[in-house]
Amino acid sequence: MENNLFTPYKLGPITLRNRTVRSAAFENMAENHTVSEMLYNYHTSVARGGVGMTTVAYASISQSGLSFENQLWLRKEIVPDLKRLTDAIHKEGAAASVQLGHCGNMSHPRLTKCIPLSASNGINIYSPTLHRRINEREMIAIAKDFGKAVKIAMEGGFDCVEVHSGHGYLISQFLSPYTNRRRDEYGGSLQNRMKFMKMCMNEVLEAAAGKIAVVSKINMRDGFKGGNDIEANIEIAKELQAMNLDALVLSGGFVSRAPMYVMKGSMPIKSLTHYMHPWWLRWGVKSCGWFMMPSEPFKELFFLEDALKFRQALQMPLVYVGGIVRKENAERALESGFQLVQMGRALLRDPDFVNKMKSGVESCGCGHSNYCIGRMYSKEMACHHNLKEPLPAKLIKEIEQLESR
């Protein structure tokens, strides 16, 4: 399968030089909600490392969708910064994608200047914040913001947009019965719960007009009792297939309920709290983090079994993501019928991993301690192997313990 992994692939209107994609793992590298030198350098390095397409993660479509200070916010004034980034990516031979999303109940009032929005009223203990149910007028406005974000992405030189419809963010909050307790036409049945997603996707597709590839990240399972199971999510995928998206990225989990289901493994609590502020949040996570973020067993290709059920049920192109840390993993996913493979932690550990696979290197060297995830909530996402600053002894010990499991 080596030849297949490194053969071009036509994704909608664009052609990728090979079947590898840098997944939309949040970098936490933006400054003033635009492209920083750090974000520019990282994605350029991944493109130089041979990837077919690199995805800039977690770009908010509006101010009301922000959850991090160092998160991209797509708006007209940052188009020159976006263009500088995409030009650099293209110069290295890769395509550029940007993930579009709205955090919903995961957003922060300090950044949004409004009460966090969601499908229903409630409290998000992970922020922690109160959030309110949005009305139909606001839904229409947010859907149009998705369309506007696509146009900004196009002006900024991106080849593809990835609409985030999973992981418990706003679209997913409408899809899941856990967060959608509405009794109007947008709640209750799965068909009703899908209406907001379809509203957003219609705006995206209209704005894209076939000139830019459109994919969506969806859940295969929400990952807990009371969320959507695999059968419901296959029905959601079939709706997106009927809308003629160019591909689906198959993922799972809910950051406000089952965060480690998304990434697998253990959350490194000491690393997480070492960088965290304010003090009361750090204290709370030290006390309750093990309960709020229970471990999920890590294994290579951890989503493959579920993804094969989607492959059997759908005819459209599908992107596999989850536990690809070796060349053999990527080849096996392609052999199983997936058109592209996404990697996150592997390309954080080694941005040159795709070129190295082509030259015969088997593994990226990731030890799955999830230090990068713990760090990401407060600082830029980084692998501990690649840090310039020394780590405290307590974090080194935690990493060694987690990597020895």
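Start by selecting F303: at 4% relative accessibility this residue counts as buried (buried means under 20% relative accessible area, exposed over 50%, partly exposed in between, with a 1.4 Å probe and protein chains only). What you have open is a predicted model, in which local features need pLDDT of at least 70, side-chain atom pairs count only at pLDDT 80 or more, and totals for chains, interfaces and linings use all residues. Residues are numbered from 1 along each chain as its sequence is written, and side-chain values use heavy atoms, with hydrogens and water left out.

F302 and F303 form an edge-to-face aromatic pair, 4.8 Å centre to centre with 70° between the planes. Rings of Phe, Tyr and Trp (its six-membered ring) pair if their centres lie within 6.5 Å; planes under 30 degrees apart count as stacked, over 60 as edge-to-face and the rest as tilted.

The structure holds 14 aromatic pairs. For another of them, select F224 and F254: they sit edge-to-face, 5.4 Å centre to centre and 75° between the planes. F224 lies in the loop between strand 10 (213–219) and helix 9 (230–242), and F254 in the loop between strand 11 (247–251) and helix 10 (259–263), so the pair ties together parts that are 30 residues apart in sequence. Helices (H or I, at least four residues) and strands (E, at least two) are DSSP runs, numbered from the N terminus. Both F224 and F254 are buried.

Next, pick F26, Y58, F68, Y169 and Y377, a cluster linked by ring pairs.

Two arginines are worth a stop. The charged end of R84 sits over the ring of Y40, 3.9 Å from its centre, and that of R375 sits over the ring of Y275, 5.3 Å from its centre. The criterion is NZ of Lys or CZ of Arg within 6 Å of the ring centre and within 35 degrees of the ring normal.

Move on to L248 and F310, which touch the most other members of the largest nonpolar core, a set of 123 residues. Such a core is a set of buried Ala, Val, Leu, Ile, Met, Phe, Trp, Tyr and Cys residues joined through side-chain atoms within 4.5 Å. A second, separate core of 15 residues includes L11, A95, C160 and V249.

Finish at K148 in helix 5 (residues 136–155). K148 is exposed, with a relative accessible area of 53%. Show K76 too: the C-alpha atoms of K148 and K76 are separated by 9.4 Å, though the residues are 72 apart along the chain.
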